[in-house]
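This report is for a reader meeting the structure for the first time. Please look over the sequence and the model before reading on.

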Amino acid sequence: MDKILAKKDFPRWLEALGAYDVYAPQLIDDVWNYELAADPKAVSLDYPQTAIPAKKIVFPQREFFFEFREADTDGYELKELLPEGKPAVIFGVRPCEGKAVTLTDLVFGGEIRDDYYWKRRNAAVLVGLACASPPSTNCFCLSVNGSPHSKEGLDVLMTDLGDQYFVETLTDKGKKLVSEGGAIFHEAKPADKKAAEKIHADSEKKLARELKNIKDVPAKLRGMFASPFWDDESMSCIRCGICTYLCPTCHCFDINDEVESQTPLAGRRVRTWDTCQFPDFTMHSSGHNPRPDKAARLRQRINHKFQYFVEVWQNYQCTGCGRCITLCPVGIDIIKVVEKVRDHVS
Amino acid sequence: MVKHEDVRAEAKKLLESGKVKYIIAYELGADGWKANPVFIKKPEDVDKIIWGPTCYHNLVRFVVDEKRRKAQQKNPDTRPVGVVVKGCDSRAIVILLQEKFIDRKDVHIIGVSCETTGVIDERKLAKKLKGRIAKAIEFGSDENFLITTDSGTVNLPASEIMADRCLECIAHVPVITDVLFGEKTKRTVPQPFGSVEKIENLSSEDRWKFWNEQLEKCVRCYACRSVCPMCYCDECVADTITFAVSPDTTAEEKAQKIKWLDKSPVISENIFYHMVRAIHLAGRCIDCGECERACPVNIPLRMLNKKLEKEAKLLFGYDVGFDPEKPALISCFRDEDPEDFIR
Amino acid sequence: MTEEFEPKIVAFLCKWCSSAGSDLAGVSRMEYPANVIPIQVMCSGSVSPLYIFEAFNRGADGVLVSGCHPGDCHYIKGNMYARRKLLLVKKLLEHLGLEPQRFRMSWVSAAEGQKYTQVIKELVKELKPLGPQTKLRRESNG
């Protein structure tokens, strides 16, 4: 059911969402990020792109698995620490991030479900914001089966029509969220729908960058595993973690025990983000590291996104948000690298 | 004025004569206006080399990489690498020489003077452009930067968009070179530690509040550490997993390896990491500002390192990064070092 | 009935002077507050800033590093390096906003059992009004 929401009424919708943790993009120290919206009136959806994508809310950087405590008798007391699953709503989610969540859903779902992820995922309502113009000069979602107005992974899609939003409800969760707003929403007229569709169609022409003809890249990559191509491409990589931490689809993690007390031995098992770009990511306890250099690690990142994920899940594991390009301190450009792979002659 | 052609000619000469293995320099990135590091191996590629206001990277970081690369090769090519350095970057080479991490013969230093200006801060520029997209940027006249945007050209005073560290720069001409391009201009900085003094002048509680807010944002991506030429340790205190093992290392030893801090990005661990990095850089940080530039969440990291650079000068009369023969700050002392804090 | 706050002090004492001095205080039956967790190190110069940060991270309310007087170091110059290095640590901690009284150094020789008790008494007196150290301490589920 398509609705219209006047921009001036947007804070009233937020005010009606007291039962939810409400996240929205906020500008802190010149950096946009999704944070809890303390003041509904201060929330504006007029923003480009966050540094850290919406994945941080369904897959936080730190979460607990269980508590352990040495028992008086032999063994340990264990207490599972599943997330409460408090309803959360995230406003301003760009379509590339919505699509990215559908990709992490594949990884954490399937035969073996990760309940920690799903508790948060099921409780989260993603309210998308169509990109009338590209949020970043490095956007290329159209090249990786995405679009600036894609509905994948979203529960609601809002389109900015000037002084009002065109609000499309896409799922039951989205329907419920819109109904919380009650009478502040009005029925959309056919003219409103047309205006939104025009914005969507125009947005596709505005992307500054594209990654063309990559159909054969997965097969090409398979043949380039031992190629010296990767040594040259990775020479300027400084092996920080920015490209992967800030990628909407990256989901690697580390598990550690954080010990609070030695006697009795007690603590919590904690999951934190990890990245294949850290040198010790693949360090074995024997001391052997199968990815000992930057070439191997850059190859891993590109292969995972444009070969392995395609082979396993029939999707590119890149949604074209451009964060890795914008924020890489040395300007390593995934579009350029994949183009070179595409055109590579061994 | 530093001319691209002069730097390129020097690079070509070095590569054709085989004097250097390759040259670490700046080229224009895919967007056509921002610089990126480039590794020029063949003389015919020297036309990629540029010099401009977006050459903010500290290329000495790649001299460290070269040493690591050589260490893993059986018969390494022992010729030097050429590296383009600004004044700040050249001080990084001085530190690496002081610590005998590299030999003088491992680098061929191509110095570039920042003359009367410096490099830009991208965030400051974006704020000034207010949505206009930059297409090119050059050094203008009269200490301005000339910026071509998608809607016309803009002349901006350098002082408004220069990186903070350039505003306090004490080494705008490289201090150690094999060849120098650009004029050896004279510049004075009335307050070389002005930015850090602003924070010192806050009350203790306000300072704590400031650092708490800032370091809470940290996601422990370690970009600050990764981009720093002086953070060259193979095993870092912050990583609990990289450990040098041999076939004789027992499981017990592996399990008992000291874990100084947790991986979780919570405030106490973030503070620990940044404090350790700051103290390990005492007397070694030359304020190239790369840590602050690389940080994706805009934490003012310079304000930690700069404080210790100031104390090194004030308390111990120690100038960081000028004399390759000088011992490291914490491996020397003077009889008159302050003692009044000791009971 | 409220319990008075007793600060926990981690003291790094050099084996040859300060630790011996603290032993002398003990065998001489001198009374002084029981707030100290002593850790013997070979030399004050061997105290890494990591130890101090770790002590605060684990909940120490105060940290003391004590070594030989200048000129008396068993390893000749170790305490001179400590004097420089640990002043930098102190400045850094204060720059972050930690109360300056929480970290201090002292010179205590093997014969100065009395001085050791005075150093500890003064430190406890200064730390009590500050309350527990929460700024650098890691959270716990405890």
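This is a predicted model: local features need pLDDT of at least 70, side-chain atom pairs count only at pLDDT 80 or more; totals for chains, interfaces and linings use all residues.

## Domains of chain A

Chain A consists of domain 1, residues 2-203, and domain 2, residues 217-343. Between the C-alpha centres of these two domains of chain A the distance is 25 Å.

The domains of chain A touch: 33 residues of domain 1 are in contact with 26 residues of domain 2. On the domain 1 side, β4 (62-70) and α3 (95-108) of chain A each supply at least two residues. The largest share of that side comes from β4(A), which gives 9 residues. By class, the domain 1 side that touches domain 2 of chain A has 17 nonpolar residues, 8 polar and 8 charged.

## Chain B against chain A

Chain B and chain A meet in a contact that takes 32 residues from chain B and 34 from chain A. On the chain B side, the elements giving two or more residues are the strand β2 (35-40) and the helices α9 (223-227) and α12 (290-294). This side of chain B, facing chain A, divides into 16 nonpolar, 7 polar and 9 charged residues.

## Chain B against chain C

Chain B also touches chain C, with 30 residues of chain B in contact with 30 residues of chain C. Here the chain B elements that contribute two or more residues are α8 (204-216), α11 (267-280) and α13 (302-316). Of these, α11(B) gives the most, with 8 residues. The side of chain B that touches chain C is made up of 20 nonpolar, 2 polar and 8 charged residues.

## The helix pair α13(B) and α3(C)

How do the axes of α13(B) and α3(C) cross? Helix α3 of chain C spans residues 78-96, and its axis comes within 10 Å of the axis of α13(B), with a crossing angle of roughly 135°. Angles over 145 degrees would count as roughly antiparallel and those from 65 to 115 as roughly perpendicular, so α13(B) and α3(C) are oblique to each other. The crossing of α13(B) and α3(C) is right-handed.

From α13(B), the contact uses Lys307(B), Leu308(B), Glu311(B), Leu315(B) and Phe316(B). From α3(C), the residues are Arg84(C), Leu87(C), Leu88(C), Lys91(C), Leu92(C) and His95(C). Taken by class, this contact of α13(B) with α3(C) holds 6 nonpolar residues, 1 polar and 4 charged.

Methods. Residues are numbered from 1 along each chain as its sequence is written. Chains are lettered from A and ligands numbered from 1 in the order in which they are written. Domain bounds come from an automatic or database domain assignment. Two residues are in contact if their C-beta atoms, placed from the backbone, lie within 7 Å. Helices (H or I, at least four residues) and strands (E, at least two) are DSSP runs, numbered from the N terminus. Ala, Val, Leu, Ile, Met, Phe, Trp, Tyr, Cys and Pro count as nonpolar, Asp, Glu, Lys and Arg as charged, and the others, Gly among them, as polar. Axes are lines fitted to C-alpha atoms, for helices over the stretch in contact, and angles run from 0 to 180 degrees between N-to-C directions. Angles under 35 degrees count as roughly parallel, over 145 as roughly antiparallel, 65 to 115 as roughly perpendicular and the rest as oblique. A crossing is left-handed if the near helix is turned anticlockwise from the far one by less than a right angle, and right-handed if clockwise.
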